[in-house]
Amino acid sequence: MPKHYRPPGKKKEGNAAKYITRTKAVHHLQVSLPTFRKLCILKGIFPREPKKKVEGNHKTYYHTKDIAFVAHDPLVEKFRDIRAHKRKVKKALARKNRELADRLLNRQPTYKLDRLILERYPAFVDALRDLDDCLTMVHLFAALPAVGGERIQVERIHNCRRLSHEWQAYISQTHSLRKTFISVKGIYYQAEVEGQKITWLTPHALQQVLTDDVDFNVMLTFLEFYEALLGFVNFKLYHSINVKYPPLLDPQLEALAAELYALCRYVSAAPERQLGDSQAISSSENEQSEDKKVDAQTDESDLRLAQLQHQLPANEPGTLMHLVEDATGADDEDNETKECKNLFKKFKFFLSREVPRESLLFIIPAFGGVVSWEGDGSPFKESDEDITHQIVDRPTQGHMFLSREYVQPQWIYDCVNARTILPTEAYLVGRVPPAHLSPFVDNEAEGYVPEYAETIKRLQDAASKQVLPMPGIESGDLDDPQNLLAEGIIDRTEASEAAEKKRKLAMLEKQYHDELNMELQGITYSASLSNKNLQSSVEDVQEDAPADPEQMEKDTRDLSMVAMSRKKRRLYEAMQISKERKKANVNILKERKKKAEASKKE
Amino acid sequence: MAKSRAEADHVEQEEPEEPSENGFVREFDHQEEESERSDAVGSSEDEGSSGEGEKDGEDDEEIHQSAEESDSSEDEVAPRNTIGEVPLEWYKDEEHIGFDITGKKISKQARKDKIDSFLAGVDDSKNWRKIYDEYNDEEVELTKEEIRIIRRLLKGRTPHAEVDPYAPYVDWFDWEDKGHPLSNAPEPKRRFIPSKWEQKKVVQYVRAIRKGLIKFDKPKEEPRFYLLWGDDSSVAENKRHGLSYIPAPKPKLAGHEESYNPSIEYIPTQEEMNSYQLMYEEDRPKYIPRRYESLRSVPAYENSLKEGFDRCLDLYLCPRTRKKRINIDPESLKPKLPSKKDLKPYPLTCYLEYRGHSGPVNSISIEVSGQWIASGSTDGTVRLWEVETGRCLRVWDVGEAVQHLAWNPLPELPILAVSAGHKVHLLNTGLGDAEEKMRIKELLHVEEVLTDDAGNSVAAVSWVQHEKHDGITLEHLKTVSTVEWHRKGDYFSTVMPSGDSRAVLIHQLSKKHTANPIKKLRAPAVSAVFHPTRPFFFVSTKKNVRVYDLSKNKLIKKLDPGLREVSSIAIHPGGDNVIVGSKEGKMCWFDMDLSSQPYKRLPAHPKDITNVAFHRSYPLFASCSDDCTAYVFHGMVYSDLNQNPLIVPLEILHGHTSSNGRGVLDCKFHPRQPWLFTAGADSVIKLYCH
C-alpha cells in the first residue's frame, strides 16, 4: 500500500500495515495471479512470517515494502505490454491481416533479466552463493528429453545443456572440483569457486520421465532466471581465465555429443592463443612432424580432427598445455587445487561404452587425468599402450591388455573423495565394489563411522606419511581390502577392550581414593566424638555414599538441572532429546551391522 | 409415440410385399421399392399424420424426398391404374385394384405362393430384376439401363453418365456489343479524384515510418551476456537494496544412505520395511535406501522432476524467517556455580542411624542445645534420643499416630509439644537440673485448675492434665497437623487443616489460654510458623502463604508461590527469606523484601516435597521428598540489600528406602552443627554429617 494513501480506519503501523496478504498484493499490483507468481520468482520475493497474522493464520503474507518494490519494477509494465501485444497479434490474425500480424510478431516486446540479476546479486560472490539451486535445475533440464511437442521447448533444453557444459568445462579446467558422490538420485558434485562451496546434482544420464504432477509454468519461470544467471556467471568466470564467451565449438565434436570435451579443449587452448606467438612457433614444429602422420589418414573427418588437435594442443600431455598451466597457474593456486590437479596426473584413462561418459569426462580432467572414450572423435584409441586404467562396468571383460588395470567407475569417485589413489583390487571387473560413501557426511559428528571410511582413512594416513599403512603387514595384505577390513575389526575390538580396561582401572582407583577419604573422615569423626563411647544399639554405618559412578553422574546432572533457569533447562532437555535420537539412529545402524555380520558368518 | 406408430406403419406396408420378394433381390432394390411404396402410400400417410403434429415430420420428409426422386421414372410409363393417390388399403378387400383408363375394373391377379415364386426365381435368371408394382398389380422387369441408373444413384452420382455436372460456365451474354450499361447513372466525381482518407492514412503511415514507430526489419540481436559484475572493489555499491534478504536454506546434502551402493547397515531389513507399511503415510520415511551391485544397474530416479518442482515451490512460496540456530555445547548452559569445596561444611554422608520405631517416623525435632532429638512415629510412640550416641533415652506412648512434634525453643524449658490425632500433648521430658524440673512441673501443673474453668466455655480447645505422663493435653475439635513454638517459648500454634475458621490457633502456655486470631482463610491451612524475630505469623494454605502482623492483628503480605499444593514452609533465621515446598516437587524461595513472587523456583524432586528446613547458623537449607532423597542447598543471604541470595544445590542425600510410596518424611538441621537429620517412612532416622 503506498504511504500517501491510507484508507480511513486502517492502521499506519504495526503488523497490519507492514504486511499484506497475497490476494491484496495481487489486487494492488493489478496483475493476474500467474503474472504475480512470475514477478515474485524473478524478483526473488518471498512471503514473510509476521509476528501477528492480522488477517488470519492460513494466509500468505508479503511485506508491503516487497510489494512496493515489485510495483516499481519496469517488469510489471513490460508484462502488460506483452499481454497487449499478444492481443494485437490475435486481433490481426482474426481480421486476416497477415501482414500486420507478421510485422507485430517480428517485433515482440522482450525483457532482459540482467538488471534483476545485478539487483539480486550485487556482488559476484552473492551470485555464487546462491548458485546451488540454479545449477541443479539447469542440469535437470539438460537431462530432459529434447523432443518437440512436449511442454518444454527444445531450444531451452539445448541451452541448458550448453550452459551446464560451459560450467563443467570451467570447473574442470580450473581444477576446482572437490567432491563427488553417486547417489540414487543422480551424481552430486561439489566445487569451490572463489571460496564458495557450490554443490549441485546432475541426474543420471538416462531417459527422464516427464510427470504430470508438476506445474511447468513455475519451473520454466525459475529456469528462465537461472539460465540468465548461469550465463552471466559463466561469462564472468570465463572472463576471469581470459577465455572468450560464448565459446565457439568445433561442430564435429559437438555433433558427436562430446560438447564437454570440445569445450574443455577450447577453454584450455584459449589462454595460450592470447599468450602470443612464441609458443605457436614451437607448436608449428610439432604440427609439421605430426602432419606427416596425419596424411596417412585418408578419412577427411579424421584429418580435420587431427588438425584441430594441433591447433588446440590440450590433449598432448607435456607440451604447450603444460607451459601455459605452469605460467598461469602456479602463482595463485592454493594447496587444495594443486592436490586436485595432480591426483590423476600420471594416469591415462580410457572409458568403455557403458560407463557414464559425461560425468567421467568431467571429473578425470578436473583431477589432472587424461581421458579418452570409445567412439568417434576420441583423442586416442583403446589400443594405446600408455593407457594405465580402463574404466569398465560390465560383468566380464573379454580382451584384456596386461599393461593397464580394468576398474569400475566407482573407483574414480572414491579416489576423488579420498584424494588418494586407492588400491584397485576391490574395484576390478565383475566384483561388487565396496560401499560408496558420501563425502558430505561428517562421520565424527554423526557418531558412526562406516567400516570402509575407516579403511580409507588409514590409507590416506599411509599415503600422507609415505610409509606402509601398518607395521607387519605386507603390501599384498595392504591391497587386499578383506584383510584390511578384518584388521580394522580386530583393531577396533582391541581398542574397545583397552578402553574397558582403562575404565575399570580408573574405577578401582577412584574407589580406593573414596575409601581413603572415608577413612579419613571416620577418623575425624571418631576424634571429635572420642569422649563418647559408641553404643551397641547404634549401627555405625560408614556408608560409602553413592559409590557407583552412575548414581554420582545422575546426581551431578540433577543438581545442575536444579540450578538452571527454566528457559535454559528446557533448552538443555531439548538438546538431550536430539542427542538421544541421534544415538538411537546410530544404535540401529550398529545393530543392523551386527546382524549382517552374523548372517554372513553363518 | 408418434414415431413408433410411423414405424408400425412401415412394418404394415412391408408385409404385403413379402410373398413377391426373393432373398436375392431384396437388398438390391430396396431403395427402389421404398420410393415406389412411399409414393403410393404418401397420401394416406399425410392424412394419418396430419392430426398428429410435427413429431413425425422427419419421417415424412424422408418419404417425400424419395417420392420426388422417383418422379421422373413415373413420367415415362403411364400407369395402368387410374385411382390416383389414394391409400391402397381401400382396395385391399376388393376384387379389383382400380380402374383402367376406360373405366373398366382391373381385377387382381392371382397370387403366387412362396414356393412358386422361389421356383420361378430359380428358373429365371432375370428374376432378380423383377419388381412387384403394387399400384398396378403387376411385375415389372427392370432393364439394364434402369439398373445402371439405380447403381449410379446409390453411389451418389448423377443418374446418367453422360451428364457433366461441373461443366465450365459459358457466359453467353456478349457485353461488348450492347450499347447500354446496366445502370444508366453518370460516373461519380469521386472516381476521378484521389481519396482523402486514403491519403490521410498514407500520411499517417509515412510519418510513423519516419518516426520509427513502424519498423519492417527484424530488431538487431544484442549479445545476451556481458560482464555484469565488473570490479567488486566498491563495497558501497554492492549493497542489496530493499528489505533484508534472507537467503533460502540450501538443500540437504546426501548422506551415506542415499548412495547407490550404501554399506549394508544403511539398508533396512525386511521387518523394518514391513513396519513402514504399518506407519502413517506422513511418518513413513521418504526415502528407503537400496543397494545396486554396479553403476550400470542404477535406474533413472523417477522423482527427480517432482523434487525439483518441490524445491521451486519452497523457494517462492515458503515464508522465510531468520531463526537463530543455537550451536552451543549443552554443558555450557549449566550455570557457573562456586565450587562445592568452598561451600563446605555441609551434610554429606550418613553417619548415624536411629532405629527403634516400628512405623514410619512422621516428625523429628532437635532440642535447642543439640544434644537431644525427639521423634514421633505412626506407631503411636514418641522417642527421645541422644544425638551423638544414638541411645534411646525415653519412650512415651501417646496412643495415636504422632503427626508432628516440636521442642520448646527455650533451653531451660525442655517441653515437647506432640500432636497426635485430635490432641496436642505437652510432655515433660524430665531433662535439665532439679530446679528446672521443678519449674516445669509447676508450669505444667498449675494450669490444671484453670483447665476446669476453661473447660466449661465453648472454646475450641480444652486444656486437660495428661493422665499417664506428667503434662497437659489440649483437646482439639479436629485433627491437628502441626505444632510450632514461638521463639520465646510461651506461645505455640496448632493447625487443623479441616478446622475452617478455627484452623489456626495460638496457645499461651503460661496462661493456659487459646486464641483464634485468624478467622478467615480461603484455602485449607497447611502449617503455621512464627517469625524468628518480629511479631509476624506465617500461615501457609494450599495455595499461598499469608503473613500476619500479630501485634496489629492484620494481614500484611500474601506470598504467591504459583504452585499446585503447598506442603511445607520454612523461614530463614534472618526472617526475610522463606522457602516453600510443594507437592509437585518444586521449591520456591521468596525474598520478602523483593516481591511476593518467588525469587527462584527450584524443581528439585520428582515427587512430593514433604518438608523443608533452614539451618539456624550455617547458610544451608534442605528439602526432603517422597522420592527417598533429601537435597541440601547452600542458601547465602547477604546483608547487602542489593545483592540477591545465592542458591547453590550441593548434595543429594540417598539412603532411605521407600515404603508404601512414601520416602523421607521429615528433615531437620542440627542447631549448631552442619548436620541434617532425616526421618524416613522406613522407620529409620538418619544423621548426615559433613
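Here are some friendly notes on the salt bridges in this predicted model.

1. Let's begin with the overall count. Taken over all chains, the structure contains 40 salt bridges.

2. Start with E336(A) and R178(A), whose side chains form a salt bridge with an N to O distance of 3.5 Å. This pair joins distant parts of chain A: E336(A) belongs to helix 17 (residues 335-341), R178(A) belongs to strand 3 (residues 177-182), and 158 residues separate them. How accessible are the two partners? E336(A) has 29% relative accessibility, so it counts as partly exposed. R178(A) has 5% relative accessibility and therefore counts as buried.

3. Next, look at D386(A) and K348(A), a salt bridge in which the closest N and O atoms lie 3.8 Å apart. Here too distant parts of the chain are linked, with D386(A) in the loop between strand 7 (370-373) and strand 8 (389-391) and K348(A) in strand 6 (residues 348-351), 38 residues apart. K348(A) is buried because its relative accessible area is 15%, which falls under the 20% limit.

4. Now move to chain B, where K583(B) pairs with E565(B) at 3.9 Å between the closest N and O atoms. Both residues sit in loops: K583(B) between strand 24 (577-582) and strand 25 (586-591), and E565(B) between strand 22 (554-559) and strand 23 (566-571). Buried or partly exposed: which describes K583(B)? K583(B) is partly exposed, at 39% relative accessibility, and E565(B) is partly exposed at 25%.

5. Finally, salt bridges can form a network. In chain A, one such network links K43(A), D73(A), R115(A) and E119(A).

Methods: Residues are numbered from 1 along each chain as its sequence is written. Chains are lettered from A and ligands numbered from 1 in the order in which they are written. This is a predicted model: local features need pLDDT of at least 70, side-chain atom pairs count only at pLDDT 80 or more; totals for chains, interfaces and linings use all residues. Side-chain values use heavy atoms; hydrogens and water are left out. A salt bridge is a side-chain nitrogen of Lys or Arg within 4 Å of a carboxyl oxygen of Asp or Glu. Helices (H or I, at least four residues) and strands (E, at least two) are DSSP runs, numbered from the N terminus. Buried means under 20% relative accessible area, exposed over 50%, partly exposed in between (1.4 Å probe, protein chains only).
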